[in-house]
Amino acid sequence: MTNPSLLILPGDGIGPEVMAEVRKIIDWYGTKRDMVFDVSEGLVGGCSYDAHGTPLTDETMEKAQEVDAVLLGAVGGPKYDDLDFSVKPERGLLRLRKEMDLYANLRPAQCFDALADFSSLKKDVVAGLDIMIVRELTSGIYFGEPRGIFEEGNERVGINTQRYTESEIERVARSAFELARKRGNKVCSMEKANVMESGILWRAVVSEVHEKEYPDVELSHMYADAGAMQLCRWPKQFDVIVTDNLFGDLLSDAAAMLTGSLGMLPSASLGAPMANGRPKALYEPVHGSAPDIAGQGKANPIACVLSFAMALRYSFDKGDEADRLEAAVEKVLADGVRTADLLGEEGVTPVSTSEMGDAIVAAL
Ligand code: ATP
Ligand code: MG
(Lines give C-alpha, C1' and ligand atoms only; values in the text may rest on other atoms or scores of the structure.)
(Ligands and ions follow the chains in the order given, each with its own letter.)
Protein backbone atom coordinates (compact mmCIF):
# COMPACT_ATOMS: atom_id res chain seq x y z
CA MET A 1 0.00 0.00 0.00
CA THR A 2 1.22 3.49 -0.76
CA ASN A 3 1.26 6.09 1.96
CA PRO A 4 -1.46 8.75 2.00
CA SER A 5 -0.23 11.86 0.19
CA LEU A 6 -0.32 15.42 1.40
CA LEU A 7 0.73 18.60 -0.41
CA ILE A 8 1.78 21.36 1.98
CA LEU A 9 1.61 24.96 0.78
CA PRO A 10 2.76 27.20 3.65
CA GLY A 11 2.32 30.44 1.66
CA ASP A 12 3.11 33.90 3.06
CA GLY A 13 3.27 35.83 6.33
CA ILE A 14 2.51 33.63 9.33
CA GLY A 15 1.65 30.73 6.97
CA PRO A 16 5.12 29.15 7.13
CA GLU A 17 5.33 29.81 10.90
CA VAL A 18 2.12 27.96 11.77
CA MET A 19 2.85 25.24 9.20
CA ALA A 20 6.19 24.49 10.85
CA GLU A 21 4.24 23.43 13.96
CA VAL A 22 2.00 21.16 11.90
CA ARG A 23 5.15 19.55 10.46
CA LYS A 24 6.16 18.63 14.02
CA ILE A 25 2.78 16.94 14.50
CA ILE A 26 3.03 15.09 11.18
CA ASP A 27 6.47 13.85 12.25
CA TRP A 28 4.99 12.71 15.57
CA TYR A 29 2.33 10.65 13.75
CA GLY A 30 5.06 9.11 11.58
CA THR A 31 7.31 8.03 14.44
CA LYS A 32 4.79 7.31 17.21
CA ARG A 33 1.71 6.10 15.37
CA ASP A 34 3.34 4.60 12.32
CA MET A 35 1.24 6.85 10.11
CA VAL A 36 3.65 7.97 7.46
CA PHE A 37 2.46 10.59 5.00
CA ASP A 38 3.98 11.13 1.60
CA VAL A 39 4.49 14.86 2.09
CA SER A 40 5.47 17.25 -0.67
CA GLU A 41 5.82 20.98 -0.30
CA GLY A 42 5.16 23.79 -2.77
CA LEU A 43 4.76 27.52 -3.15
CA VAL A 44 1.55 29.50 -3.36
CA GLY A 45 0.81 33.22 -3.18
CA GLY A 46 3.40 35.96 -2.91
CA CYS A 47 6.33 33.59 -2.36
CA SER A 48 5.45 31.79 -5.59
CA TYR A 49 5.24 35.12 -7.40
CA ASP A 50 8.69 36.06 -6.08
CA ALA A 51 10.17 32.76 -7.28
CA HIS A 52 8.26 32.14 -10.50
CA GLY A 53 6.35 35.32 -11.43
CA THR A 54 3.00 33.61 -10.80
CA PRO A 55 1.04 32.94 -7.58
CA LEU A 56 0.65 29.27 -8.54
CA THR A 57 2.66 27.31 -11.11
CA ASP A 58 1.06 24.69 -13.37
CA GLU A 59 3.33 22.13 -11.75
CA THR A 60 1.99 22.86 -8.26
CA MET A 61 -1.57 22.92 -9.61
CA GLU A 62 -1.07 19.43 -11.10
CA LYS A 63 0.39 18.17 -7.85
CA ALA A 64 -2.66 19.49 -5.96
CA GLN A 65 -4.92 17.50 -8.30
CA GLU A 66 -3.01 14.27 -7.61
CA VAL A 67 -2.65 14.22 -3.82
CA ASP A 68 -5.16 12.96 -1.24
CA ALA A 69 -5.24 16.37 0.46
CA VAL A 70 -3.77 19.88 0.28
CA LEU A 71 -2.91 21.78 3.46
CA LEU A 72 -2.46 25.52 2.99
CA GLY A 73 -1.15 28.20 5.41
CA ALA A 74 -2.08 31.68 4.23
CA VAL A 75 -1.39 33.94 1.27
CA GLY A 76 -0.81 37.65 0.71
CA GLY A 77 0.74 40.61 2.43
CA PRO A 78 1.36 44.34 1.99
CA LYS A 79 4.43 43.65 -0.15
CA TYR A 80 2.10 42.43 -2.92
CA ASP A 81 -0.62 45.09 -2.64
CA ASP A 82 0.39 46.90 -5.82
CA LEU A 83 0.69 43.83 -8.02
CA ASP A 84 -1.52 43.47 -11.07
CA PHE A 85 -4.80 41.68 -10.24
CA SER A 86 -3.89 38.70 -12.43
CA VAL A 87 -0.85 37.81 -10.32
CA LYS A 88 -2.08 38.77 -6.85
CA PRO A 89 -1.31 36.14 -4.15
CA GLU A 90 -5.04 35.47 -3.61
CA ARG A 91 -5.32 34.40 -7.26
CA GLY A 92 -3.23 31.35 -6.41
CA LEU A 93 -5.76 30.23 -3.84
CA LEU A 94 -8.69 31.03 -6.14
CA ARG A 95 -7.12 28.94 -8.92
CA LEU A 96 -6.75 25.98 -6.57
CA ARG A 97 -10.39 26.24 -5.48
CA LYS A 98 -11.67 26.66 -9.02
CA GLU A 99 -9.64 23.96 -10.78
CA MET A 100 -10.17 21.44 -7.98
CA ASP A 101 -13.88 22.42 -8.16
CA LEU A 102 -14.22 22.68 -4.38
CA TYR A 103 -17.92 23.29 -4.03
CA ALA A 104 -18.45 22.53 -0.34
CA ASN A 105 -16.89 24.87 2.20
CA LEU A 106 -16.76 23.46 5.73
CA ARG A 107 -16.45 25.75 8.69
CA PRO A 108 -16.65 24.08 12.10
CA ALA A 109 -17.57 26.08 15.17
CA GLN A 110 -16.03 24.24 18.02
CA CYS A 111 -15.64 25.60 21.50
CA PHE A 112 -12.95 24.32 23.79
CA ASP A 113 -14.04 24.44 27.42
CA ALA A 114 -10.96 26.37 28.46
CA LEU A 115 -11.91 29.19 26.10
CA ALA A 116 -15.66 29.27 26.76
CA ASP A 117 -15.28 32.55 28.65
CA PHE A 118 -13.94 34.09 25.46
CA SER A 119 -17.26 33.91 23.68
CA SER A 120 -19.66 36.82 23.64
CA LEU A 121 -22.37 34.36 24.68
CA LYS A 122 -23.10 32.77 28.02
CA LYS A 123 -20.74 29.98 28.91
CA ASP A 124 -23.36 27.19 29.04
CA VAL A 125 -24.55 28.14 25.55
CA VAL A 126 -21.12 27.54 23.98
CA ALA A 127 -19.20 25.14 26.25
CA GLY A 128 -18.68 21.87 24.40
CA LEU A 129 -20.13 23.26 21.18
CA ASP A 130 -19.11 21.30 18.08
CA ILE A 131 -21.07 22.07 14.92
CA MET A 132 -20.21 22.20 11.23
CA ILE A 133 -21.51 24.59 8.62
CA VAL A 134 -21.38 23.37 5.04
CA ARG A 135 -21.67 26.28 2.63
CA GLU A 136 -22.16 25.81 -1.11
CA LEU A 137 -19.25 27.71 -2.58
CA THR A 138 -19.30 27.75 -6.38
CA SER A 139 -22.82 28.78 -7.36
CA GLY A 140 -25.82 30.79 -6.17
CA ILE A 141 -26.32 34.53 -6.09
CA TYR A 142 -22.60 35.41 -6.26
CA PHE A 143 -22.35 33.82 -9.71
CA GLY A 144 -25.84 33.72 -11.28
CA GLU A 145 -26.66 35.58 -14.51
CA PRO A 146 -27.95 38.13 -15.28
CA ARG A 147 -25.94 40.37 -13.01
CA GLY A 148 -24.89 43.97 -13.27
CA ILE A 149 -26.06 47.55 -12.90
CA PHE A 150 -28.39 48.54 -15.72
CA GLU A 151 -30.35 51.60 -16.81
CA GLU A 152 -34.08 51.15 -16.52
CA GLY A 153 -36.23 54.10 -17.51
CA ASN A 154 -34.61 57.07 -15.83
CA GLU A 155 -32.84 55.24 -13.02
CA ARG A 156 -30.25 52.50 -12.43
CA VAL A 157 -31.06 49.01 -11.22
CA GLY A 158 -28.62 46.59 -9.57
CA ILE A 159 -29.24 42.92 -10.32
CA ASN A 160 -27.95 39.61 -8.98
CA THR A 161 -29.52 36.28 -9.72
CA GLN A 162 -29.86 33.37 -7.34
CA ARG A 163 -29.65 30.27 -9.50
CA TYR A 164 -29.16 26.67 -8.42
CA THR A 165 -29.31 23.57 -10.56
CA GLU A 166 -30.50 20.28 -9.17
CA SER A 167 -27.05 18.71 -9.53
CA GLU A 168 -25.38 21.59 -7.67
CA ILE A 169 -27.74 21.08 -4.74
CA GLU A 170 -27.38 17.30 -4.87
CA ARG A 171 -23.62 17.28 -4.62
CA VAL A 172 -23.37 19.67 -1.69
CA ALA A 173 -26.17 17.80 0.07
CA ARG A 174 -24.17 14.58 -0.33
CA SER A 175 -21.10 16.29 1.18
CA ALA A 176 -23.20 17.27 4.20
CA PHE A 177 -24.73 13.82 4.68
CA GLU A 178 -21.33 12.12 4.33
CA LEU A 179 -19.91 14.44 7.00
CA ALA A 180 -22.86 13.86 9.29
CA ARG A 181 -22.21 10.14 9.19
CA LYS A 182 -18.71 10.81 10.55
CA ARG A 183 -20.07 13.13 13.25
CA GLY A 184 -23.43 13.34 15.04
CA ASN A 185 -25.49 11.91 12.15
CA LYS A 186 -27.75 14.96 11.93
CA VAL A 187 -28.22 17.52 9.14
CA CYS A 188 -30.24 20.72 9.21
CA SER A 189 -30.77 22.30 5.79
CA MET A 190 -31.38 26.05 5.68
CA GLU A 191 -32.97 28.13 2.90
CA LYS A 192 -35.91 30.47 2.43
CA ALA A 193 -38.38 28.13 0.74
CA ASN A 194 -41.16 30.44 1.95
CA VAL A 195 -40.09 33.27 -0.40
CA MET A 196 -37.52 31.94 -2.90
CA GLU A 197 -37.94 29.51 -5.82
CA SER A 198 -34.35 28.34 -5.42
CA GLY A 199 -35.21 27.65 -1.79
CA ILE A 200 -38.17 25.48 -2.77
CA LEU A 201 -35.94 23.47 -5.11
CA TRP A 202 -33.18 23.31 -2.48
CA ARG A 203 -35.53 21.84 0.09
CA ALA A 204 -36.99 19.32 -2.36
CA VAL A 205 -33.62 18.12 -3.66
CA VAL A 206 -32.05 17.80 -0.20
CA SER A 207 -35.06 15.73 0.86
CA GLU A 208 -34.77 13.50 -2.23
CA VAL A 209 -31.05 12.85 -1.70
CA HIS A 210 -31.82 12.09 1.94
CA GLU A 211 -34.62 9.66 1.15
CA LYS A 212 -32.73 7.80 -1.58
CA GLU A 213 -29.17 7.72 -0.23
CA TYR A 214 -29.00 8.71 3.43
CA PRO A 215 -32.20 7.63 5.22
CA ASP A 216 -30.07 6.73 8.27
CA VAL A 217 -29.13 10.39 8.83
CA GLU A 218 -31.59 12.62 10.70
CA LEU A 219 -32.69 15.54 8.47
CA SER A 220 -34.52 18.72 9.38
CA HIS A 221 -35.26 21.92 7.45
CA MET A 222 -35.26 25.47 8.74
CA TYR A 223 -35.77 28.89 7.17
CA ALA A 224 -32.38 30.58 7.21
CA ASP A 225 -33.56 33.58 9.23
CA ALA A 226 -35.00 31.34 11.93
CA GLY A 227 -31.78 29.32 11.68
CA ALA A 228 -29.68 32.42 12.38
CA MET A 229 -31.76 33.06 15.46
CA GLN A 230 -31.49 29.46 16.67
CA LEU A 231 -27.74 29.50 16.03
CA CYS A 232 -27.35 32.32 18.53
CA ARG A 233 -29.96 31.07 20.96
CA TRP A 234 -28.93 27.41 21.35
CA PRO A 235 -26.27 26.34 18.82
CA LYS A 236 -25.77 22.93 20.41
CA GLN A 237 -29.07 21.75 18.85
CA PHE A 238 -27.20 21.46 15.51
CA ASP A 239 -24.63 19.01 14.17
CA VAL A 240 -24.19 19.71 10.43
CA ILE A 241 -25.89 22.70 8.80
CA VAL A 242 -26.03 22.76 5.00
CA THR A 243 -26.92 25.94 3.19
CA ASP A 244 -26.34 27.96 0.04
CA ASN A 245 -23.51 30.34 -0.77
CA LEU A 246 -25.07 33.58 0.48
CA PHE A 247 -26.70 32.26 3.66
CA GLY A 248 -23.60 30.18 4.36
CA ASP A 249 -21.39 33.24 4.11
CA LEU A 250 -23.41 34.95 6.84
CA LEU A 251 -24.13 31.94 9.03
CA SER A 252 -20.54 30.69 9.08
CA ASP A 253 -19.16 34.07 10.14
CA ALA A 254 -21.77 34.31 12.86
CA ALA A 255 -21.00 30.76 14.01
CA ALA A 256 -17.28 31.54 14.05
CA MET A 257 -17.83 34.27 16.58
CA LEU A 258 -19.56 31.86 18.93
CA THR A 259 -16.15 30.43 19.70
CA GLY A 260 -13.64 33.25 20.02
CA SER A 261 -10.30 33.86 18.31
CA LEU A 262 -9.50 33.82 14.60
CA GLY A 263 -6.33 31.94 15.54
CA MET A 264 -8.44 28.90 16.50
CA LEU A 265 -10.58 28.37 13.41
CA PRO A 266 -9.88 25.68 10.80
CA SER A 267 -11.70 25.14 7.50
CA ALA A 268 -11.93 22.70 4.63
CA SER A 269 -13.10 22.95 1.05
CA LEU A 270 -14.26 19.72 -0.53
CA GLY A 271 -14.97 18.71 -4.11
CA ALA A 272 -16.11 15.61 -5.94
CA PRO A 273 -15.10 12.15 -4.72
CA MET A 274 -11.83 10.83 -6.21
CA ALA A 275 -11.12 7.25 -7.31
CA ASN A 276 -10.54 6.25 -3.67
CA GLY A 277 -14.03 7.50 -2.75
CA ARG A 278 -12.75 10.45 -0.69
CA PRO A 279 -13.38 14.00 -1.80
CA LYS A 280 -10.82 16.31 -3.32
CA ALA A 281 -9.86 18.52 -0.44
CA LEU A 282 -8.06 21.65 0.62
CA TYR A 283 -7.62 22.44 4.32
CA GLU A 284 -6.63 25.86 5.62
CA PRO A 285 -6.98 28.06 8.68
CA VAL A 286 -9.71 30.72 8.39
CA HIS A 287 -7.23 33.47 9.27
CA GLY A 288 -5.04 35.29 6.75
CA SER A 289 -1.32 35.97 6.59
CA ALA A 290 -1.46 38.40 9.55
CA PRO A 291 1.30 40.73 8.34
CA ASP A 292 1.13 42.72 11.58
CA ILE A 293 2.59 39.82 13.58
CA ALA A 294 4.47 37.87 10.88
CA GLY A 295 8.06 36.96 11.68
CA GLN A 296 7.67 37.60 15.41
CA GLY A 297 6.85 34.11 16.65
CA LYS A 298 3.51 35.32 18.00
CA ALA A 299 1.08 33.51 15.69
CA ASN A 300 -1.28 30.94 17.13
CA PRO A 301 -0.74 27.69 15.21
CA ILE A 302 -3.93 26.01 16.50
CA ALA A 303 -6.15 26.93 13.52
CA CYS A 304 -3.66 25.26 11.20
CA VAL A 305 -3.23 22.28 13.55
CA LEU A 306 -7.02 21.82 13.67
CA SER A 307 -7.12 22.07 9.87
CA PHE A 308 -4.78 19.09 9.79
CA ALA A 309 -7.10 17.32 12.25
CA MET A 310 -9.93 17.87 9.75
CA ALA A 311 -7.73 16.33 7.05
CA LEU A 312 -7.17 13.28 9.27
CA ARG A 313 -10.92 12.94 9.73
CA TYR A 314 -12.26 13.70 6.27
CA SER A 315 -9.45 12.79 3.83
CA PHE A 316 -7.57 10.03 5.63
CA ASP A 317 -10.41 8.29 7.46
CA LYS A 318 -8.62 8.64 10.78
CA GLY A 319 -11.38 10.02 12.95
CA ASP A 320 -9.85 8.49 16.08
CA GLU A 321 -6.53 10.22 15.39
CA ALA A 322 -8.35 13.50 14.72
CA ASP A 323 -10.02 13.07 18.13
CA ARG A 324 -6.59 12.47 19.67
CA LEU A 325 -5.16 15.65 18.14
CA GLU A 326 -8.17 17.74 19.19
CA ALA A 327 -7.91 16.32 22.69
CA ALA A 328 -4.24 17.31 22.79
CA VAL A 329 -5.19 20.89 21.85
CA GLU A 330 -7.92 20.82 24.51
CA LYS A 331 -5.42 19.63 27.14
CA VAL A 332 -2.87 22.31 26.30
CA LEU A 333 -5.55 24.99 26.59
CA ALA A 334 -6.85 23.51 29.85
CA ASP A 335 -3.27 23.64 31.17
CA GLY A 336 -3.36 27.39 30.58
CA VAL A 337 -0.94 27.51 27.66
CA ARG A 338 -1.84 30.61 25.63
CA THR A 339 -0.50 32.43 22.60
CA ALA A 340 -0.93 36.19 22.79
CA ASP A 341 -4.22 36.24 20.84
CA LEU A 342 -5.87 34.05 23.51
CA LEU A 343 -4.98 36.25 26.43
CA GLY A 344 -7.55 38.20 28.29
CA GLU A 345 -6.40 37.45 31.81
CA GLU A 346 -3.62 39.41 33.39
CA GLY A 347 -0.54 37.76 34.80
CA VAL A 348 -0.30 35.05 32.16
CA THR A 349 2.77 35.16 29.93
CA PRO A 350 2.07 34.20 26.31
CA VAL A 351 4.01 31.39 24.69
CA SER A 352 5.53 31.58 21.22
CA THR A 353 4.23 29.83 18.10
CA SER A 354 6.88 27.18 18.46
CA GLU A 355 6.26 26.66 22.20
CA MET A 356 2.56 26.13 21.47
CA GLY A 357 3.47 23.52 18.84
CA ASP A 358 5.82 21.77 21.25
CA ALA A 359 3.15 21.75 23.95
CA ILE A 360 0.66 20.09 21.58
CA VAL A 361 3.21 17.45 20.59
CA ALA A 362 3.95 16.82 24.30
CA ALA A 363 0.21 16.48 24.98
CA LEU A 364 -0.09 13.96 22.13
P1 ATP B 1 -7.03 38.14 4.81
O2 ATP B 1 -7.42 39.25 3.93
O3 ATP B 1 -5.99 37.23 4.22
O4 ATP B 1 -8.18 37.42 5.40
P5 ATP B 1 -6.84 39.85 7.06
O6 ATP B 1 -5.88 40.99 7.16
O7 ATP B 1 -8.27 40.10 6.81
O8 ATP B 1 -6.25 38.81 6.02
P9 ATP B 1 -5.76 38.20 9.11
O10 ATP B 1 -4.49 38.13 8.35
O11 ATP B 1 -6.41 36.94 9.43
O12 ATP B 1 -6.85 39.03 8.39
O13 ATP B 1 -5.51 39.03 10.42
C14 ATP B 1 -6.55 39.68 11.16
C15 ATP B 1 -6.05 39.95 12.58
O16 ATP B 1 -6.05 38.72 13.32
C17 ATP B 1 -4.63 40.47 12.64
O18 ATP B 1 -4.51 41.43 13.68
C19 ATP B 1 -3.82 39.26 12.95
O20 ATP B 1 -2.64 39.56 13.65
C21 ATP B 1 -4.76 38.41 13.79
N22 ATP B 1 -4.49 36.98 13.55
C23 ATP B 1 -4.83 36.28 12.45
N24 ATP B 1 -4.42 35.02 12.53
C25 ATP B 1 -3.81 34.88 13.72
C26 ATP B 1 -3.14 33.81 14.39
N27 ATP B 1 -3.04 32.59 13.84
N28 ATP B 1 -2.62 34.04 15.61
C29 ATP B 1 -2.72 35.26 16.17
N30 ATP B 1 -3.32 36.31 15.60
C31 ATP B 1 -3.85 36.14 14.38
MG1 MG C 1 -9.87 38.92 5.90
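How are helices H1 and H10 oriented to each other? I shall open with that question, and then turn to the sheet, the backbone and the ligand. Please bear in mind throughout that this is a predicted model.

Helix H1 covers residues 15-32, and helix H10 covers residues 302-314. The two pack at an angle of about 45°, and their axes lie 8 Å apart. Angles under 35 degrees count as roughly parallel, and those from 65 to 115 as roughly perpendicular; H1 and H10 are therefore oblique to each other. The crossing in which H1 passes H10 is right-handed.

H10 also packs against helix H11, residues 319-334. Here the angle is about 160°, with 7 Å between the axes. Because angles over 145 degrees count as roughly antiparallel, that is the description that applies to H10 and H11. The crossing of H10 past H11 is left-handed.

Let me now move to the sheet. Ten strands form an open sheet with mixed pairing, and their order is E2-E1-E3-E12-E11-E4-E5-E10-E8-E9. At the edges stand E2, residues 38-41, and E9; each has a single partner strand, so one side of each has no neighbour in the sheet. From one strand to the next, the twist averages 20°.

Strand E1, residues 5-11, runs parallel to strand E3, residues 69-74, and five bridges join them. Within this pair, Ile 8 has Leu 71 of E3 as its bridge partner.

The second pair is E8 with E9. Strand E8 spans residues 186-191 and strand E9 spans residues 218-223; they run parallel and are joined by six bridges. As for individual residues, Glu 191 is bridged to Tyr 223 in E9.

I turn next to the backbone. Most residues other than glycine have a negative phi, and most peptide bonds are trans. Two places in this model depart from that pattern. Asn 185 has a positive phi, near 65°, and is found in the loop between helix H6, residues 166-181, and E8. The peptide bond that joins Glu 145 and Pro 146 is cis, with omega about 0°. Pro 146 belongs to strand E6, residues 144-152.

Finally, which residues are closest to ligand 1? They are Gly 263, His 287, Gly 288, Ala 290 and Asn 300, out of 15 residues that surround this ligand. Sorted by class, the shell contains seven nonpolar, six polar and two charged residues.

To return to the opening question, H1 and H10 are oblique to each other, whereas H10 and H11 are roughly antiparallel. Thank you for your attention.

Methods
Residues are numbered from 1 along each chain as its sequence is written. Chains are lettered from A and ligands numbered from 1 in the order in which they are written. This is a predicted model: local features need pLDDT of at least 70, side-chain atom pairs count only at pLDDT 80 or more; totals for chains, interfaces and linings use all residues. Two strands pair if DSSP finds at least two bridges between them. Helices (H or I, at least four residues) and strands (E, at least two) are DSSP runs, numbered from the N terminus. A residue is near a molecule or strand if its C-beta atom, placed from the backbone, lies within 6 Å of it. Ala, Val, Leu, Ile, Met, Phe, Trp, Tyr, Cys and Pro count as nonpolar, Asp, Glu, Lys and Arg as charged, and the others, Gly among them, as polar. Axes are lines fitted to C-alpha atoms, for helices over the stretch in contact, and angles run from 0 to 180 degrees between N-to-C directions. A crossing is left-handed if the near helix is turned anticlockwise from the far one by less than a right angle, and right-handed if clockwise.
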